[in-house]
Amino acid sequence: MAIEALAGLAAERVDHRFKGLPPDADGLTVGELAAQRRNLFTDGFATPVLALSAERLAHNLRLMEAYATRHGLAFAPHGKTSMAPQLFQRQIDHGAWGVTLAVPHQVRVAHAFGFRRIFLANELVDPAALRWISGRLDADDDFRLVCYVDSVRGVELMDAALRGARRPLDVVVELAAGEGARTGVRTEAECAAVADAVAGTATLRLVGVAGYEGEVPGATPERVHAWLRRLVALAVDFDKAGRFTGAEEIVVSAGGSAWFDAVADVFAEIPDLSAPVLKLLRSGAYVSHDDGHYRKITPFNRVPEEGALEPAFRLWTQVVSRPSAEQAFLNAGKRDAAYDLDLPFAQVVRRDGAERPATGIEVTALSDQHAWLRTAPEADLAVGDWVGLGLSHPCTSFDKWQLIPVAEADGTVVDYIRTFF
């Protein structure tokens with residue numbers, strides 16, 4: 001079903017909704033435009049235009065598939081990063097168990113495109129959303145959704161909304177990463193109380209424990225490992241107490257994009273339990289990686305022998321003003337580039353088909369539709385030049401673009417990625 005639904009994206013018409021695409025492509029379907037294999041630099045694409053590297057995207061998908069397999073982990077990459085069902089499918093094709101999501105709207109998108117294994121890494125207490133999910137579970141035995149619970153009150157609200165459901169909703173108790181962290185139960189005693197509340201319903205089924213180690217206060221390898229061991233110990237204690245009765249498998253889940261090496265280390269220590277254990281990793285930013293935040297924090301910096309992710313995004317912009325020798329302006333700004341973690345990075349300059357490093361060029365600020373550049377004396381930059389920018393934070397890069405060209409190294413565009421934010 002997913003393949004059929006995704007094929008429908010190729011029938012969507014190209015028009016003014018999609019930034020950066022060639023104006024003369026209006027009226028073509030996405031599939032027709034892709035078949036033309038236009039060149040990003042010479043065949044009518046208009047700046048600013050965000051592109052994904054075909055080669056680097058493929059590399060990142062292969063690398064994380066190999067990593068998860070090597071460490072015996074099931075993989076449900078976080079779909080909120082891209083909200084691109086085409087990328088969800090490529091992740092499934094590369095061995096992913098399913099997809100992680102954060103809010104009910106995202107679940108609806110994934111379900112509409114045929115994805116049937118979803119881990120909702122968030123609490124869910126909205127009655128309308130719960131009824132919709134319950135309806136899908138009742139109508140489709142192949143659909144599975146697991147979500148967080150972290151309070152007795154939350155369990156009560158879920159139970160009230162789900163009365164009359166044919167199938168119970170699978171839940172995992174979320175263990176907080178520490179005092180002052182985000183969501184999650186703070187103590188093991190409170191975790192037991194939440195588990196007891198779940199057991200007192202007919203609408204919910206406890207299948208495991210989960211959390212997010214990226215929220216560990218003052219995170220260090222030692223602190224993250226210690227918290228992950230708390231999570232594993234919670235699963236072991238729950239199992240000894242018979243809290244997973246009726247579960248076909250026991251879910252133990254963690255793993256953002258900063259500490260998945262620690263998750264692999266600690267999850268390798270999980271002992272045999274009363275049912276098979278689904279060791280579920282949820283890292284999502286890897287799919288595009290980046291040139292800033294995640295380049296600095298990726299676990300592959302600590303374990304270089306396991307490989308390296310490659311930044312796949314490049315935002316192509318154009319110099320529209322060069323008012324002085326020390327300053328220039330590009331035609332892309334906050335509407336086009338992620339800026340919540342770092343400003344974009346000037347990487348390359350293109351002029352007359354030749355590409356060279358962006359030596360002496362720095363992005364110092366963003367307006368809504370302009371990037372401010374500081375240019376050193378060695379900078380060779382003129383009005384009309386194309387400047388390729390690296391970006392920081394994949395999640396807020398994807399969400400500014402509805403249709404993203406996928407380009408090979410020579411600029412040939414071979415695909416278009418549709419996002420749904």
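Here are some friendly notes on the cores, pockets, cavity and cysteines of this structure.

1. **Before you start.** Please keep in mind that this is a predicted model.

2. **The main core.** Let's begin with the inside of the protein. The largest nonpolar core has 126 residues. Phe 119, Leu 169 and Phe 267 are the ones with the most contacts inside this core.

3. **A closer look at Phe 119.**

4. **Another core.** There is also a second, separate core, made of 20 residues. Among them are Leu 21, Leu 33, Ala 34 and Leu 403.

5. **The largest pocket.** How much space lies in the largest pocket? The value is about 660 Å³. Its lining is made by 34 residues, and those nearest the centre are His 78, Lys 80, Arg 182, Tyr 212 and Gly 256. By class, this lining has 16 nonpolar, twelve polar and six charged residues. Strand E4 (117-123) and helix H11 (293-297) each supply at least two of the lining residues, and H11 gives the most, with three.

6. **The second largest pocket.** Here the space is about 350 Å³. Of the 21 residues in the lining, Ser 53, Arg 314, Trp 316, Glu 408 and Ala 409 lie nearest the centre. The elements giving two or more residues to this lining are strands E1 (49-53), E10 (313-324) and E12 (345-351), together with helix H3 (54-70). Sorted by class, the lining has ten nonpolar, three polar and eight charged residues.

7. **The cavity.** A search of the whole structure finds one cavity of 30 Å³ or more, and the space in the largest cavity is about 30 Å³. The residues lining this cavity include Phe 260, Tyr 286, His 289 and Leu 309. Five of the lining residues are nonpolar and three are polar, with no charged ones.

8. **The cysteines.** How many disulfides does a search of the whole structure find? The count is zero. Cys 147 is in no disulfide, and the nearest cysteine sulfur, that of Cys 191, is 15 Å away. Cys 147 counts as buried because its relative accessibility is 0%. Cys 395 is buried too, with a relative accessible area of 12%.

Terms used:
Residues are numbered from 1 along each chain as its sequence is written. This is a predicted model: local features need pLDDT of at least 70, side-chain atom pairs count only at pLDDT 80 or more; totals for chains, interfaces and linings use all residues. Side-chain values use heavy atoms; hydrogens and water are left out. On a 1 Å grid over the protein atoms alone, a cavity is a set of points where a 1.4 Å probe fits but cannot get out, and a pocket is an open set with protein on both sides within 12 Å along at least five of seven lines; lining residues have an atom within 4 Å of a point. Grid points are joined across faces, edges and corners, and a volume is the space filled by probe spheres set on the points. Ala, Val, Leu, Ile, Met, Phe, Trp, Tyr, Cys and Pro count as nonpolar, Asp, Glu, Lys and Arg as charged, and the others, Gly among them, as polar. A disulfide is a pair of cysteine sulfur atoms within 2.5 Å. Buried means under 20% relative accessible area, exposed over 50%, partly exposed in between (1.4 Å probe, protein chains only). A nonpolar core is a set of buried Ala, Val, Leu, Ile, Met, Phe, Trp, Tyr and Cys residues joined through side-chain atoms within 4.5 Å. Helices (H or I, at least four residues) and strands (E, at least two) are DSSP runs, numbered from the N terminus.
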